[in-house]
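I have a structure open that I have not seen before. These are my notes, in the order I looked things up.

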Amino acid sequence: MLEVLFSESAAGSLKMAMSHHAVIGGCISIIGTHEDGSPFSAEETEHLQQEHEEQERRRWAQAVPLQGDTRDILPFPLWLSIGPIDEEGIGPLRETTLEQLLSIYPQGRQAAAEILASTRQRLATLLSRAAHEPVRLWVDHTPDAACGLRWVLDQLRPLGFENLDLQVVELPALAPHEGGGLVLCNLGELHPSEWGRLTQTARSLSADQAAALAVQWQQLKAQDAPLRAVLNGVLVSAAEDLYDPYLRRVLDDLEDTFQEAALIGRTLAQFPLGVGDAWLAMRVEQWIADGKLEAVTKPDADSPAYHRTLRKTED
């Protein structure tokens with residue numbers, strides 16, 4: 001079975017789920033201090049590690065086994081909720097968007113080139129095998145997954161949906177939190193032991209349903225907006241300043257001189273909207289260009305572009 005996902009982190013977790021053989025351990029780091037700032041003792045660190053390993057054992061003991069071949073996992077981390085999309089396949093518009101988004105990271109352009117090359121190869125694999133093998137599509141409630149589902153169905157459309165065996169597994173939008181309450185969840189955050197249980201919720205995607213979703217992608221392509229977002233459960237085109245009010249709310253609580261990483265990190269934490277740090281960093285760059293903020297320091301060469309100090313201006 002071909003496993004289609006829309007983020008590298010989700011694909012990595014799924015690979016761990018498939019390759020797990022009841023092995024507990026590996027590399028575990030204990031980072032933290034007591035409330036008074038004093039470090040954990042060696043005995044306390046060992047106790048925390050043992051607790052973590054026991055928690056892992058319990059999780060895997062309760063897990064539903066997941067069969068599959070990790071070579072059949074096909075992630076498409078194309079960030080399709082951002083940037084122009086009025087093109088076929090994975091073309092120059094997507095190249096430019098990925099290069100812009102990843103340019104905020106060290107070696108970002110190289111990473112973009114590698115993503116584009118690997119996803120093009122995966123798309124060729126999908127198109128060559130989908131007519132002969134079942135395809136399982138994994139989605140959550142992030143804009144990238146909503147866009148990715150419709151995009152990949154549009155790529156499969158020439159094969160004839162009536163000839164395909166398509167299944168969809170959808171992660172619930174809210175998940176119980178260990179400390180109580182509910183939290184928004186995405187597949188990239190899913191513990192590897194949970195994937196097998198999630199397969200039990202898979203549903204078949206009929207030819208009519210697949211065709212309707214592919215048509216939605218064609219409509220979004222025609223609109224070709226700067227962003228696409230999930231609002232009230234509906235995937236819609238949106239303006240580039242859609243997330244600005246959330247950045248602004250966090251910015252208003254910061255001092256006049258502040259760390260840009262704090263602005264972006266707190267926005268992501270307080271408002272889990274399904275958009276990543278790269279887009280927020282690009283919006284901050286626009287605010288700097290508009291004179292609303294100014295850079296006080298420069299980031300280190302091996303750090304993301306937003307690891308710097310900014311200052312609010314009178315504008």
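Entry one: glutamine 107. My cut-offs are under 20% relative accessible area for buried, over 50% for exposed and partly exposed in between, with a 1.4 Å probe and protein chains only. Glutamine 107 is not a glycine, yet its phi is positive, about 55°. I found glutamine 107 in the loop between H3 and helix H4 (108-129). Helices (H or I, at least four residues) and strands (E, at least two) are DSSP runs, numbered from the N terminus.

A note on the source: this is a predicted model, where local features need pLDDT of at least 70 and side-chain atom pairs count only at pLDDT 80 or more, while totals for chains, interfaces and linings use all residues. Residues are numbered from 1 along each chain as its sequence is written, and side-chain values use heavy atoms, with hydrogens and water left out.

Entry two: asparagine 232. Asparagine 232 also has a positive phi of about 55° and is not a glycine. I placed asparagine 232 in the loop between E8 and strand E9 (234-238). Its relative accessibility is 83%, so asparagine 232 counts as exposed.

I noted ten helices and twelve strands. The protein has 315 residues, and 41% of them count as buried. I then turned to contacts, meaning heavy atoms within 4.5 Å. Among contacts with a separation of 6 or more, 67% join residues 24 or more positions apart.

Serine 13 counts as buried because its relative accessibility is 7%. What does serine 13 touch, leaving aside neighbours within four places in sequence? I listed Leu190, His191, Pro192 and Trp195.

I searched the whole structure and got three aromatic pairs. Rings of Phe, Tyr and Trp (its six-membered ring) pair if their centres lie within 6.5 Å; planes under 30 degrees apart are stacked, over 60 edge-to-face and the rest tilted. Tryptophan 138 and tryptophan 195 make an edge-to-face pair, 4.8 Å centre to centre with 70° between the planes. The two lie 57 residues apart, tryptophan 138 in strand E3 (residues 135-139) and tryptophan 195 in helix H6 (residues 195-199). Both tryptophan 138 and tryptophan 195 are buried.

H10 covers residues 277-289, 13 residues in all. From first C-alpha to last, H10 reaches 18 Å, close to the 18 Å expected at 1.5 Å a residue. The expected span is 1.5 Å times one less than the number of residues. Buried residues of H10 include Asp277, Trp279, Leu280 and Trp287. Their cover includes helix H3 (92-102), strand E8 (227-231) and helix H9 (260-270). After H10 comes glycine 291, with a positive phi near 85°.

H8 and H10 pack at an angle of about 75°, with axes 11 Å apart. H8 is therefore roughly perpendicular to H10. Axes are lines fitted to C-alpha atoms, for helices over the stretch in contact, and angles run from 0 to 180 degrees between N-to-C directions. Under 35 degrees is roughly parallel, over 145 roughly antiparallel, 65 to 115 roughly perpendicular and the rest oblique. H8 makes the contact with Asp244, Leu247, Arg248 and Leu251, and H10 with Leu280, Arg283, Val284 and Trp287. The charged end of arginine 248 sits over the ring of tryptophan 287, 5.0 Å from its centre. That term needs NZ of Lys or CZ of Arg within 6 Å of the ring centre and within 35 degrees of the ring normal.
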